[in-house]
Amino acid sequence: MLACPRCQSPLPEAYCNNPLLLPCPACHTPIRTQVFPACFAPPAEGKAGETILVEGESGCFYHPAKRAVAACESCGRFLCALCDLDLNGEHICPACLETGRRKGKLKQLENRRVLYDAVALSLATLPLLFFWPTIITAPCALYVVVRRWNAPASLVRRGKWRMVLAAILAILEIAAWIAVVYFIWIARTLIPKGGHR
Amino acid sequence: MSDLPFKYRRLPGRGLRNRGLQFFAPGRCSLWVGPDHLLSVTRIWMNEDYKRFYFRDIQAITLDKNNSAPLRNWILGTFAFISFALFGVIGTHSARPWSPAPFIAGAIIGGVFMVLLLVNLLRGPTCNCKLRTAVQIEELPSLGRIRVAGKAIAILKPLIEAVQGEISPQDIVSGIAQPAAPRRTLLETQKPFAATAQPPPHLLPPATGGLHAALYAVVLMDSAAGFFKHLYPAWHSYLLVSCPLLIAVCGLSFAAVIRQRRHAISKSVARLTNGTLWGVIAIMMVLFVYGIIARTLYLMQHPGRMPTHIDFYLMPWFRQLSLYTDCVEAAVGFAGLGLTLLWMSGRRISSTASAAPPASTPPAGPQP
């Protein structure tokens, strides 16, 4: 049933797919509703596995008494109608689905990624505000770049420019620190204690 | 390079998903169109969370207009007016000999607010956009403007209809007329965001509001102390009063933000509290940077002397800036205290109404 998104009161059909904002009959909030055929489609019914009646028929790996209707496209096990999971046209068994989700093999189920390129770039840029933390963060940024160069980046943004920029900045910061240490060492060596040269 | 066989296309609009303590780095949301699904991306710190809505499952997209845009206009307009008026008054009365500096400062600060106001006006009215499937209703913060949401719907409609087919007016009439299948209620279907398993606000126990009231009372006290210092510049123990008050505001606002994450409180109070914490952090950072600059300047002007006794109030810029922050603090304090007291009184009325027995029911126990 169609309802106002604000007050949940039912809406008449004139509110559906109207490009204008119409006031809700109950709460008078201007609303727009775009509906699609799935809104009125009956909910899909689940299938139960059929019992094996004829001897010699293949049974489900998980329910041996049930007739197999498909084979898992990942592990090859026979599956009954109950265990056969449709994943965008692929037949997968519950165990493979769980393993694929846990190990990130099924891209359709991946719901989180760590952006190592952003980690490296942050390590290389943010501490520049105070400079002294870069003595620790620059090697860390370089380590992240080397260690995670092949790690998958964002699903939607492509390219490795953040990694490259982080590497360049980290190398420059390390070089700057080496130069600072070198000049301090030179100054201490050339200027004797207790007075000028 | 790419680990996917297709490329996502970005939909217009971007927004923030602000939940509880995430206000330090709210999730930045965007929508992307894939070959057979819509991808909702929320970036929090260095992570990206994904939610896929397959075109075959999308039942409806709804918009309801909200008052966020006019509220922002009022707030930004007020700040712009305060900036122009305050620095104008300071420039006219206090500077001897006459100096354009306060007018320039007022024009810059007020101009920033005016630009933000103009941007808000140009972006148009705001709305809550929700996408409905059979099992959930998902809010889409990136479609927070009616114009942007209209554009996104125009892009999505043909893609969804290519999968599901077009819906005719007769289908809508017959669909609405048929008895609704036993469907779970909105309360049951609204799933919390995957990254933060937090129950929706209407399921949280109500906050008493005491902590928020204390916070805004302390904000008002701090503002009053600032005004007093402006009236009596010779008040040397000001720092002894203002520093603990500022630290108390910081601590209380942090505690209030945690409290409102675990307890229900009105949306306006919650937003104002988040803003207060941001403001306190900004003030502390400004003081920190200003202190470093002032001490450096002092060292440059007086080489060899330690800058241990700098009275910042002797510096005209700091005085004007602190008067400005005191005005803002007073406005925030009064608004926050008023809203919190309103919330507390409303809560008291509702609790007494629910506790009182109905008038028609006779008392259960024996009467004395």
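**Note on the chain A–chain B contact and the fold of chain A**

1. R32(A) stands opposite L63(B) in β6(B). The two strands concerned, β2(A) and β6(B), run antiparallel and are joined by 5 bridges. Strands count as paired if DSSP finds at least two bridges between them. Strands (E, at least two residues) and helices (H or I, at least four) are DSSP runs, numbered from the N terminus.

2. A word on the model and its labels. This is a predicted model, in which local features need pLDDT of at least 70 and side-chain atom pairs count only at pLDDT 80 or more, while totals for chains, interfaces and linings use all residues. Residues are numbered from 1 along each chain as its sequence is written, and chains are lettered from A and ligands numbered from 1 in the order in which they are written.

3. β6(B) also has a partner inside its own chain. There, 6 bridges tie β6(B) to β7(B), residues 127–132, and the pair is antiparallel. I61(B) faces L131(B) of β7(B) across this pairing. Strand β6(B), residues 60–65, is mostly covered, with 5 of its 6 residues buried. Buried here means 20 or more other C-beta atoms within 10 Å of the residue's own; exposed means 12 or fewer, partly exposed lies in between, and C-beta atoms are placed from the backbone.

4. β7(A), residues 112–114, runs antiparallel to β5(B), with 3 bridges. V114(A) has N47(B) as its bridge partner in β5(B).

5. Now the whole contact. Chain B supplies 42 residues and chain A supplies 36. Two residues are in contact if their C-beta atoms, placed from the backbone, lie within 7 Å. On the side of chain B that touches chain A, the elements giving two or more residues are β4 (37–44), β5 (47–54), β6, β7, α3 (146–164) and α4 (169–177). β6(B) gives the most, with 6 residues. That side of chain B divides into 23 nonpolar, 8 polar and 11 charged residues. Nonpolar covers Ala, Val, Leu, Ile, Met, Phe, Trp, Tyr, Cys and Pro; charged covers Asp, Glu, Lys and Arg; the others, Gly among them, are polar.

6. Chain A overall. Its secondary structure comes to 4 helices and 7 strands. The order along the sequence is β-β-β-β-β-β-α-β-α-α-α. Of its 197 residues, 25% are buried. Of the contacts in chain A between residues at least 6 apart in sequence, 28% join residues at least 24 apart.

7. Helix packing in chain A. The axes of α3(A) and α4(A), residues 161–190, come within 9 Å and cross at roughly 145°. Axes are lines fitted to C-alpha atoms, for helices over the stretch in contact, with angles from 0 to 180 degrees between N-to-C directions. The residues of this contact divide into 13 nonpolar, 1 polar and 1 charged. Among those involved are P139(A) and L142(A) of α3(A), and I171(A) and W177(A) of α4(A).

8. Two backbone points deserve a look. Most residues other than glycine have a negative phi. H28(A) is not a glycine, yet has a positive phi of about 65°. H28(A) sits in the loop between β1 (22–23) and β2 (30–35) of chain A. H28(A) is exposed, with 11 other C-beta atoms within 10 Å. F131(A), also not a glycine, has a positive phi near 65°. F131(A) lies in the loop between α2 (116–125) and α3 (134–147) of chain A. F131(A) counts as exposed, with 12 C-beta neighbours inside 10 Å.
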